[in-house]
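Biologist: Please put up the two-chain model, and then we can go through it by question and answer.

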Amino acid sequence: MKKLLSIILLALFVVLFSESGFAGDYNFRKTKWGMSIAQVKSSEPLEASEESENILGYKTQVLGKNVLVAYFFIDNQLVRTRYILVDSHTNKNDFITDYNDFKEILTKKYGKPKEDESYWKNDLYKDNHSHWGTAISMGHLVYISNWETKDTEINNILTGENFNISCIVEYSSKNLEELEKKAQEKKNLEVF
Amino acid sequence: MPRLIILIFFAFTLLANCSRVPSSEELEKDIALLDKRIEETTKAAQEYTGGIISVLSNVRLETLKTTKAMLEQKITGIKRYIPISYTVSGKEYTPPENKQEIMLELERDIKELKEDLSEAEVESEDYNSGLLGELSLSKVFSIKNSITFLEQKYFLLKHDIPFYLVMPDAQKSEETDFIQTPGEDIDKF
C-alpha cells in the first residue's frame with residue numbers, strides 16, 4: 001500500500017513539474033512555435049493593430065522603445081516573429097545604440113551570440129565614425145548578431161536602404177523551417 | 001434711512017461687478033473687427049489657389065470664423081436673455097483668476113508679432129516672385145496666423161469663453177498607441 005502511495009505521489013510530482021516546465025517554455029513572448037492565430041491572440045494582452053490571413057501585428061514598447069510585434073503564420077501555425085523598431089532619430093547614429101540595446105538583452109538571456117559582425121559593403125564612411133548611421137541608411141554598413149536555441153534562431157539586424165534604417169529582431173522556428181520554405185516555394189510558383 | 005443706504009451700497013456693488021463683464025457693445029465691436037479680418041482673409045485665400053500660402057490663408061480664415069461664431073453665440077445669449085455656461089470635462093468653466101494678467105501678456109505678444117509682421121511685409125516687397133518671394137510671403141502669412149491664434153485666445157478670454165485646443169496631442173496619441181505590456185523586458189525576448 002505504501003509503495004503504491006509513493007508511486008502515485010511520484011507520478012503526481014512528475015506530471016506537475018513537467019506541466020509547469022512546459023507552460024513556461026515559451027519561444028517568443030508568451031507564444032510557442034506552431035500555435036494557432038487564436039492562441040497567439042489570447043496570449044497578447046494588447047489589441048491587434050494589424051490582422052490579415054497570415055500576419056498578426058501589435059504596437060508595444062520594449063526597453064522603452066516603440067516597436068511593432070509581428071507574428072507570421074503558415075497553415076495557421078506560428079513560424080516566425082519580429083520586433084520591428086518604429087522609433088525615429090534625427091541623429092542616425094542613435095540606431096546603433098538601439099541595435100546594441102537589443103544585442104545586450106539578447107546576450108543576457110541567450111548568452112554570447114553565435115555571430116556578431118558588422119559588414120562594410122562600401123567603405124566611403126568607414127573612417128568617419130560620426131557618419132556610420134548615414135552609412136547604414138545608405139546600405140553601406142550592416143550590423144548582424146544571432147543566437148540559436150533548441151527550437152529557435154534569433155537574428156538581430158540593423159540595415160538600411162534609401163536613407164531609411166530598419167532595426168529588427170527576428171525569431172524563427174527551426175522545426176517549422178521546412179513548412180515555411182515549402183510555402184514560399186508554392187507562393188513563388190504561383191507568380192509564374 | 002440706513003436701509004436705503006444699504007440698498008444703495010448693494011446696487012453699487014452689483015453694478016461694479018457687472019461692469020467687469022464685457023458688454024454686448026464690446027462684443028459687437030469685436031465681431032465687427034473679426035468681420036473685417038474675415039473679409040480680408042477671404043480675398044487672400046481666393047487669390048492663392050494652391051501651395052502653402054493658400055493653406056495658411058485657409059487656416060487663418062477658419063480660425064477667424066470659429067472665433068466669430070463663439071462671440072456671436074455669446075452675444076445672442078445676452079440679447080435673448082439666455083444664460084450661457086460652459087462645462088469642460090464635467091466642470092463648469094470659470095475664467096482664470098489672473099485673466100487680466102494673461103490678457104496683458106497676450107496683448108504684448110500680439111504687439112510684438114505685429115512689429116514682426118511689418119518687418120516681414122517690408123522684406124517680402126523686395127521680392128516679386130521666385131523661391132525667395134514665396135518664402136518671404138509664407139513668413140508674412142505665418143505671422144498673420146500666429147496673430148490670429150493669439151487674438152482668438154484673447155477674445156475668448158476677454159468674453160469668458162473657454163479656450164479649447166481642438167488639435168489632438170500627437171505625442172500623447174503616439175504614447176498611448178504603443179503600450180508596454182506587464183512583465184520584465186527580458187521575458188519578452
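**Chains, helices and contact**

Modeller: Read along the sequence, chain B follows the pattern α-α-α-β-β-α-α-α. The model is a predicted one.

Biologist: What percentage of contacts in chain B between residues at least 6 apart in sequence join residues at least 24 apart?

Modeller: Buried residues make up 14% of the 189 residues in chain B. Among its contacts between residues at least 6 apart, the share that joins residues at least 24 apart is 68%.

Biologist: Are α4(B) and α5(B) roughly parallel or antiparallel to each other?

Modeller: Helix α4 of chain B covers residues 99-125 and helix α5 of chain B covers residues 130-158. Their axes come within 9 Å and cross at roughly 165°. Angles over 145 degrees count as roughly antiparallel, so α4(B) and α5(B) are roughly antiparallel.

Biologist: Which hand does that crossing of α4(B) and α5(B) have, left or right?

Modeller: By class, the contact of these two helices has 14 nonpolar, 3 polar and 11 charged residues. The crossing of α4(B) and α5(B) is left-handed.

Biologist: And α3(B) with α5(B), roughly parallel or antiparallel?

Modeller: Helix α3 of chain B, residues 51-79, packs on α5(B) at an angle of about 15°, with the axes 9 Å apart. The crossing is left-handed. An angle under 35 degrees counts as roughly parallel, so α3(B) and α5(B) are roughly parallel.

Biologist: How many nonpolar residues does the contact of α3(B) with α5(B) have?

Modeller: From α3(B) the contact includes B:Ile52, B:Leu56 and B:Leu71. From α5(B) it includes B:Leu137, B:Phe141 and B:Phe155. By class, the contact has 8 polar and 2 charged residues, and the nonpolar ones number 12.

Biologist: Turning to chain A, how many helices and strands are there?

Modeller: From the N terminus on, the elements of chain A run α-α-β-β-β-β-α-β-α-β-β-β-α. Buried residues make up 24% of its 192 residues. Chain A has 5 helices and 8 strands.

Biologist: How far apart are the end C-alpha atoms of helix α5 of chain A?

Modeller: Helix α5 of chain A covers residues 177-191, and the count of buried residues among its 15 residues is 0. At 1.5 Å a residue, α5(A) should span 21 Å. The distance between its end C-alpha atoms agrees with that: 22 Å.

Biologist: Which elements of chain A each supply at least two residues of the side that touches chain B?

Modeller: The contact takes 13 residues from chain A and 9 residues from chain B. By class, the side of chain A has 6 nonpolar, 3 polar and 4 charged residues. The elements that each supply at least two are β2 (55-62) and α3 (94-110) of chain A.

Biologist: Is B:Lys188 buried or exposed?

Modeller: B:Lys188 lies in the segment after α6 (170-177) of chain B. Leaving aside neighbours within four places in sequence, B:Lys188 is in contact with A:Arg29, A:Val62 and B:Gly183. The cut-off is 20 or more other C-beta atoms within 10 Å; B:Lys188 has 21, so B:Lys188 is buried.

Note on methods:
Residues are numbered from 1 along each chain as its sequence is written. Chains are lettered from A and ligands numbered from 1 in the order in which they are written. This is a predicted model: local features need pLDDT of at least 70, side-chain atom pairs count only at pLDDT 80 or more; totals for chains, interfaces and linings use all residues. Axes are lines fitted to C-alpha atoms, for helices over the stretch in contact, and angles run from 0 to 180 degrees between N-to-C directions. Helices (H or I, at least four residues) and strands (E, at least two) are DSSP runs, numbered from the N terminus. Angles under 35 degrees count as roughly parallel, over 145 as roughly antiparallel, 65 to 115 as roughly perpendicular and the rest as oblique. A crossing is left-handed if the near helix is turned anticlockwise from the far one by less than a right angle, and right-handed if clockwise. Ala, Val, Leu, Ile, Met, Phe, Trp, Tyr, Cys and Pro count as nonpolar, Asp, Glu, Lys and Arg as charged, and the others, Gly among them, as polar. The expected span of a helix is 1.5 Å times one less than its number of residues. A residue is buried if 20 or more other C-beta atoms lie within 10 Å of its own, exposed if 12 or fewer, and partly exposed in between; C-beta atoms are placed from the backbone. Two residues are in contact if their C-beta atoms, placed from the backbone, lie within 7 Å.
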